[in-house]
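Take a walk through this protein with the model open beside you.

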Amino acid sequence: MAPKKAKRRQQAEGGSSNVFSMFEQSQIQEYKEAFTIIDQNRDGIISKDDLRDVLASMGQLNVKNEELEAMIKEASGPINFTVFLTMFGEKLKGADPEDVIVSAFKVLDPEGTGSIKKEFLEELLTTQCDRFSAEEMKNLWAAFPPDVAGNVDYKNICYVITHGEEKEE
């Protein structure tokens, strides 16, 4: 009987132990560090006051209560670490695996160089389907600057999309 109670309690908290299998151990550790930074009062729960304090430490001093409440309401209940990790898992769930995204870019790279000309990628992103704005293009180039020859490393972009951080080389 005890396992059923534990399972119900996990579901009530907004997650299950399966959320830990969605991430590599190094990613879980990084999320744990982020959680610890956000949990300013160290009570194991991210509250509205914790969010206000961490935002203030980053220079955002006049955040409205409504904004903080909206952030807290994104969770199904109190935001403990498991719920925090579940929220990230849900946000990332829609992303394709890295190899699928790389394969999509490879269509644009018939020589298999691992890069695409900046001008070509920019033209595609601003004229096709869900078009990028000028601001989005500016942000893209700030995050992934082309090399001196004007080439963009799409494998790095794919890595960041799926792992959330730049590869160390």
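A helix axis here is a line fitted to C-alpha atoms over the stretch in contact, and angles run from 0 to 180 degrees between N-to-C directions. The model is a predicted one.

With that in hand, find helix α3, residues 48–57, and helix α4, residues 65–73. Their axes come within 9 Å and cross at roughly 115 degrees. The crossing of α3 and α4 is right-handed. Which residues make the contact? From α3 come K48, L51, R52 and L55. From α4 come N65, L68, E69, M71 and I72. Sorted by class, this contact of α3 with α4 has five nonpolar residues, three charged and one polar.

Now step back to the whole protein. It has nine helices and two strands. Starting at the N terminus, the order is α-α-α-α-α-α-β-α-α-β-α. The protein has 169 residues, and 28% of them are buried. Its accessible surface comes to about 11,700 Å². Carbon and sulfur atoms account for 53% of that surface. Consider next the contacts between residues at least 6 apart in sequence. Of these, 56% join residues at least 24 apart.

Turn to helix α8, residues 134–143. Which of its residues are buried? They are M137, L140 and W141. These residues lie on the same side of α8, because they cover an arc of only 90 degrees around the axis. What does that buried side pack against? The partners of the buried residues are α7 (118–127) and β2 (151–153). The face of α8 turned away from the buried side carries K138 and A142, and both are exposed.

Last, go to strand β1, residues 115–117, where S115 is found. Is S115 buried or exposed? A residue counts as buried under 20% relative accessible area. S115 has a relative accessible area of 19%, so S115 is buried. What does S115 touch, leaving aside residues up to four places away in sequence? Its contacts are D109, N151, V152, D153 and Y154.

Key: Residues numbered from 1 in each chain as written. Predicted model: local features only at pLDDT ≥ 70, side-chain atom pairs only at ≥ 80, totals over all residues. Heavy atoms only, no water. Helix = DSSP H or I, 4+ residues; strand = E, 2+ residues; numbered from the N terminus. Buried < 20%, exposed > 50% of the residue type's maximum accessible area, 1.4 Å probe, protein only. Contact = heavy atoms within 4.5 Å. Areas by Shrake-Rupley, 256 points an atom, 1.4 Å probe, with all protein chains shown as cover. Left-handed = near helix turned anticlockwise from the far one by under 90°. Nonpolar A, V, L, I, M, F, W, Y, C, P; charged D, E, K, R; others polar. Arc of directions from axis to C-beta.
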